[in-house]
Amino acid sequence: MQEVTTVELRPEAGAGSAGPSGFSPPIVVIRPTRTQSTTSLRHRLLAAARQSIGAGMRMLGEEADHGRLLLFSPVFLGAGAAFWFVAASEFPLVASLLSLLVLTIAVLIVGRSRAALRATLLAPALVAGGMLCAQFESWRASTVILDSSVTTTVTGRVERREGDGRGRWRYILAVTGTEAPELKRPPGRITAIVRGADMPFDIGDLITGRARLTPPAGPALPELNDFSFGAYFDGIGANGFFYGAPEKDLEAGPQAARSTSAALLEWLYRLRSSIGDRIRSILPGDTGAFAAALVTDERRAISNATTEALRQSGLAHIVAISGLNMALSAGIFFVGFRMLLSLFPGVAQAYPTKKIAAAGALSAVTAYYLISGFGVSAERAFIMMAIMLVAVFFDRPSISLRNVVLSALVIIAISPSEVLGPSFQMSFAATLALVSGYQLWKDRRVRENALLKLPVFRPVVAVAGFFGGVFLTSLIGGFSTALFSIEHFHRLTAYGLPANLATMPIISFIVMPAGLLAMLLMPFGLDVPLWKVVGLGLDLVIAVAKTVSGWGGDIGIGRLPAWYFAVAVAGFLLLTLLRTRLRHIGTSIIAVSTLGVLLLPLPRAPDLVISEDGSLVAVVAAAAIASNRENPPDFIFDQWQRALVLPTHFPPKMLDGPAVPPEGDDRRVRLSRDQQNEARAAMRAAVAGGEANRFSCVKKAWCTSRLGNGHVVAVIDNAAYLGPACDAADIVVTSVRLRFNSCRSGATLFTGETLRRTGSVELRFAYAGLEVVTAFETLSRPWKRHRAYDWRSNSFAESGLSNVSDSGE
């Protein structure tokens, strides 16, 4: 850049001589000035900034004029509910009510004249409303969760049942009594597996049997899904199984009179079970189980191999009664009924056939929902579809973001706990993306091509349009749910797009139309041929799923930083809810946050992980996981492998060790001094001679492992070996619920009692010492309080509550 200077000529004051003209010799003064290029650049930048701000304000005003700001109302309502659920303790009800009242009054006072201030006040009001909805749902549930595992005799009434195709039945029982021992805090409703029963029990039967009950599982690792949270709001207080087949209680006394709603609900469950049984009798095997799942949402009868194939191929959403099933049912009924009415010109001219068809479709999806078992996904899909069909009555567009938002508001107000669940998040993410994409596609500028309008090209255009729609739908749906699949399941499906392209025509044109006609003809016994057609279609779907799953493509992602999910979801909401170029701010947020995750170092993996009951411990090292079990339980271990992306499992090396003490209460078994010395020597020998980061175990006694950093871990199955383990190891884990929580040797001790309160544990060895991360920091929330309950004193240790009644908390 060339510098510009100013030259000034002036006489020198007090000069001794003068020039010919009488002036003194001039002095040249050179002063640098600001360059024209610098000034021009600054002006251009300021002008561009003012222009950008002005354009942004204009676009923001356009968004407001189109009502797009109102579309964020369920976001704030759901954020309030989520904030209440994840908080460490409950907020005072009075404070929440006063906040909502004051903010609501302020919104009403401001009115519509000051839209910006009104929106600013409405957002925190919705947050407060979401918190209140969450608190009321928690009070409404009031589920009593079993405090610890127990074997007892259970008597309960069968509310629901579901077979798994292998002779086992899963029952949901309303518990009426327990004995030997009698529980002080019996759960009101449990799920129990029955094996070996000759015939399944009917809905409404009262059954009695010896059962092993356990509380709902907590997070397999810190920050993973807490299953006790969902169980609390589903009303399930325990899971378990019967020892042998229970007996029908024929000598039960007179039962309390049930309400009309309870009797109607029992009738619906009986109808649901009979429909599922009939479908499975017509279509055996996985085909019949698949067909029954599409109608009644009974999925346990589908084999594990087929379920895994559907999951790996990205087709698992077909099995769940969700938006796809409801939309196809409503659409098929709506179009078919309207075409039927159009065959009668008098009816078509005299009556609004579109609204009549919408009413019929609404009746069909209502019946579908009633026989589906009231699942969460079915409830959400029904509410969304009902709102879209009701919009037809008022001559409003069915496919619109306003209807999606209204559905979300209704669902969050009714069941705010669903906000944290993957089903709600993935369903609405896909719906938002598809409706937003539909709006963009509809508003696009299209250049008409006269050649394509020729009759000879119309079939080609129609077929291309259908498959193009399926392609775009699958593509948008897959991308929109990828973020939530990573967050909740820590994996992605690589070949979901071709699998959905191959199966969607089969589901849309064969399975669902034939299934709908079969259900309409079932009362007359004319449904068998149509179910055969459904079976042929589902056989093709299963074949596609197994073929695609054989390609692999199950990509493990693992846990990502906690901040990424929140930031990426915010970007996704901006991208889908805005209509102007402001939506690209959301694109930028997603891109930058994803780039940050790829470039920034991820949190270090734990060195040691412990399950919440202490029975399963694993060492994490060198892209592999080594556990203390030859066959670790799938439910916990699969979550560990997905979250930590460790596909390789090293089982323990089994040793011939000292004799196991006599069977009995482990806490009462004592080893002699010689036995203790022998056990201590055996543990140290196993550590010295064993492979690093691998467990060496004596069956039903102990396991030891030497970590790569030199620390020694011991896992005790029998409390008799606790003393030698404390002497031989730095970290000791036992599933036995001991009354003390420390070793005299100074070793770190995790017992069944401490783990009951903390949940699963991750350990990392750092320069500052041992870093311990637990699943729970506090037990004050309703779905966690059972972990603080002491049955001896009938009190909650952490909350300080005592004298708890038998009926609840």
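**Exercise 1. Disulfides**

How many disulfides does the structure hold by the distance rule for sulfur atoms? Locate each one and describe its setting.

*Solution.* The model is a predicted one, in which local features need pLDDT of at least 70 and side-chain atom pairs count only at pLDDT 80 or more, whereas totals for chains, interfaces and linings use all residues. Residues are numbered from 1 along each chain as its sequence is written, and side-chain values use heavy atoms, with hydrogens and water left out.

Step 1. A disulfide is taken here as a pair of cysteine sulfur atoms within 2.5 Å, and by this rule the count comes to two. In general, such a link is a covalent bond between the sulfur atoms of two cysteines.

Step 2. Cys 697 and Cys 703 form one of them, with their sulfur atoms 2.0 Å apart, and with 120 degrees about the S-S bond this link is right-handed. Both Cys 697 and Cys 703 are buried, where buried means under 20% relative accessible area, exposed means over 50%, and partly exposed lies in between (1.4 Å probe, protein chains only).

Step 3. Cys 726 and Cys 743 form a disulfide as well, their sulfur atoms being 2.0 Å apart. The torsion about the S-S bond of Cys 726 and Cys 743 is about -45 degrees, so this disulfide is left-handed. The pair links distant parts of the chain, with Cys 726 in helix H23 (residues 722–728) and Cys 743, 17 residues apart from it, in the loop between strand E19 (731–734) and E20. Cys 726 and Cys 743 are both buried.

Step 4. When the bonded cysteines of the chain are numbered in sequence order, the pairing reads 1-2, 3-4.

**Exercise 2. An open sheet and the helix across it**

In what order do the six strands of the open sheet stand, and which helix lies across strand E16, E17 and E18?

*Solution.* Step 1. Helices (H or I, at least four residues) and strands (E, at least two) are DSSP runs numbered from the N terminus, and two strands pair if DSSP finds at least two bridges between them.

Step 1. The order is E15-E16-E17-E18-E19-E20, and the pairing in this open sheet is mixed. Strand E15 (653–654) and strand E20 (748–750) stand at the edges with a single partner strand each, so one side of each is left without a neighbour in the sheet.

Step 2. Within the sheet, strand E17 (residues 702–706) and strand E18 (residues 712–716) pair in the antiparallel sense over five bridges, and the bridge partner of Arg 706 in E18 is Val 712.

Step 3. Helix H22 (residues 673–689) lies across strand E16 (695–698), E17 and E18, and runs at about 35 degrees to E17; axes are lines fitted to C-alpha atoms, for helices over the stretch in contact (heavy atoms within 4.5 Å), and angles run from 0 to 180 degrees between N-to-C directions.

**Exercise 3. The partners of strand E6**

Which strands pair with E6 in the antiparallel sense, and over how many bridges?

*Solution.* Step 1. Strand E3 (residues 150–163) pairs with strand E6 (residues 206–214) over eight bridges in the antiparallel sense, and Ile 207 in E6 is the bridge partner of Gly 156.

Step 1. E6 also pairs with strand E7 (residues 238–242), again in the antiparallel sense, over four bridges, with Ala 211 standing opposite Phe 242 in E7.

Step 2. Two bridges join E6 to strand E8 (residues 247–248), and these strands run antiparallel; Glu 247 in E8 is the bridge partner of Thr 208.

**Exercise 4. Salt bridges**

How many salt bridges does the structure hold?

*Solution.* Step 1. A salt bridge is a side-chain nitrogen of Lys or Arg within 4 Å of a carboxyl oxygen of Asp or Glu, and the structure holds 24 of them.

Step 1. Arg 168 forms a salt bridge with Asp 164, the closest N and O atoms being 2.8 Å apart. Arg 168 counts as partly exposed at 25% relative accessibility, while Asp 164 is buried, with a relative accessible area of 3%.

Step 2. Asp 297 and Arg 299 form another, with the closest N and O atoms 3.0 Å apart; Asp 297 is buried at 12%, and Arg 299 is partly exposed at 37%.

Step 3. In the salt bridge of Arg 764 with Glu 762, the closest N and O atoms are 3.1 Å apart, and both residues are buried.
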